Amino acid sequence: MSLPVLVAIVVLGIALSVAAVHFTGGSKTATLADPDQALRRFAEDFPDEVATAIRLTANAKTAFLDLGRGRTGIVHSIGDCFLTRIVTAADVSVSSSDEANTILMRLTDFTWKGGRFHLANAGDAQALLKALEARHAAKEAA
């Protein structure tokens with residue numbers, strides 16, 4: 001078999017594989033329809049936890065849940081699935097961004113490092129930042 005034919009077969013095979021993944025939903029990104037969906041998804045992994053407030057990001061890919069006792073629940077979309085975490089002051093470092101309503105969060109978890117989260121409104125962003133900074137400040141004071 002000649003090299004050009006072999007290259008064409010490989011390229012066509014890769015292109016068909018990528019197209020099959022895309023058209024069967026493999027490139028779909030999950031989003032949260034509303035705070036209730038975030039709560040239900042979080043309850044699948046942590047059924048004994050009770051959230052007092054739920055804050056969604058503007059793109060509806062992440063939700064932050066106040067759990068009390070210095071803990072925050074997170075529901076974050078990765079691909080077409082959701083990742084859930086419970087973080088404490090020891091697990092997170094936060095700061096505000098130059099962009100309005102945006103929080104930068106860094107986690108110590110090696111499976112997910114956090115990221116930049118743009119919340120839907122200024123009140124949610126300030127409340128989340130205040131809660132996470134208060135927990136972080138309490139950790140540093142100790």
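**Entry 1**

Strands here are DSSP runs of E with at least two residues, helices are runs of H or I with at least four residues, and both are numbered from the N terminus. Two strands count as paired if DSSP finds at least two bridges between them.

I then took β5 and β6 (residues 102-107) as a pair: they run antiparallel and are joined by five bridges. I noted M105 in β6 as the bridge partner of V94.

A note on the source: this is a predicted model, in which local features need pLDDT of at least 70 and side-chain atom pairs count only at pLDDT 80 or more, while totals for chains, interfaces and linings use all residues. Residues are numbered from 1 along each chain as its sequence is written, and side-chain values use heavy atoms, with hydrogens and water left out.

**Entry 2: the four-strand sheet**

I went on to an open sheet of four strands, with the order β1-β2-β3-β4 and antiparallel pairing. Its edge strands are β1 and β4 (81-87), each of which pairs on one side only. Here the twist averages 20° from one strand to the next.

β1 and β2 are antiparallel and share four bridges. β3 and β4 are also antiparallel, with seven bridges between them. I found I78 opposite C81 in β4.

I also checked what lies across this sheet. Helix α2 (residues 35-45) lies across β1, β2, β3 and β4, and runs at about 75° to β4.

I picked R55, which lies in strand β1 (residues 53-56). Is R55 buried or exposed? R55 is buried, because its relative accessible area is 11%; buried means under 20%, exposed over 50%, and partly exposed in between (1.4 Å probe, protein chains only). R55 stands opposite F64 in β2.

Next I looked at D66 in strand β2 (residues 62-68). D66 has 13% relative accessibility and therefore counts as buried. The side chains of R55 and D66 are joined by a polar contact of 2.8 Å. A polar contact is a pair of N or O atoms within 3.5 Å; within protein, one must be able to donate a hydrogen and the other to accept it, and residues adjacent in sequence count only if both atoms are side-chain atoms.

I listed the contacts of R55 (heavy atoms within 4.5 Å). Leaving aside neighbours within four places in sequence, R55 touches T62, A63, F64, D66, L119, D124, A127 and L128.

**Entry 3: aromatic rings**

I searched the whole structure for aromatic pairs and got three. The rings of F64 and F117 have centres 5.3 Å apart and planes at 90°, so this pair is edge-to-face. The pair links distant parts of the chain, with F64 in strand β2 and F117 in strand β7 (residues 114-118), 53 residues apart. Rings of Phe, Tyr and Trp (its six-membered ring) pair if their centres lie within 6.5 Å; planes under 30 degrees apart count as stacked, over 60 as edge-to-face, and the rest as tilted. F64 and F117 are both buried. Ring pairs join F64, W112 and F117 into a cluster.

**Entry 4: positive phi**

Most residues other than glycine have a negative phi. I looked for exceptions.

A60 is not a glycine, yet has a positive phi of about 60°. A60 sits in the hairpin of β1 and β2, which has five residues between the strands. A60 is buried, because its relative accessible area is 16%.

R69 also has a positive phi, near 55°. R69 is in the loop between β2 and β3 (71-78). With a relative accessible area of 71%, R69 is exposed.

Helix α1 (residues 3-23) has 21 residues and reaches 30 Å from first C-alpha to last, close to the 30 Å expected at 1.5 Å a residue. The expected span is 1.5 Å times one less than the number of residues. G25 follows α1 and has a positive phi near 95°.

In helix α3 (residues 122-141) I looked up K130. K130 is exposed, with a relative accessible area of 63%. K130 and S95 are 35 residues apart in sequence and 9.9 Å apart in space, C-alpha to C-alpha.

Note on methods
Axes are lines fitted to C-alpha atoms, for helices over the stretch in contact, and angles run from 0 to 180 degrees between N-to-C directions.
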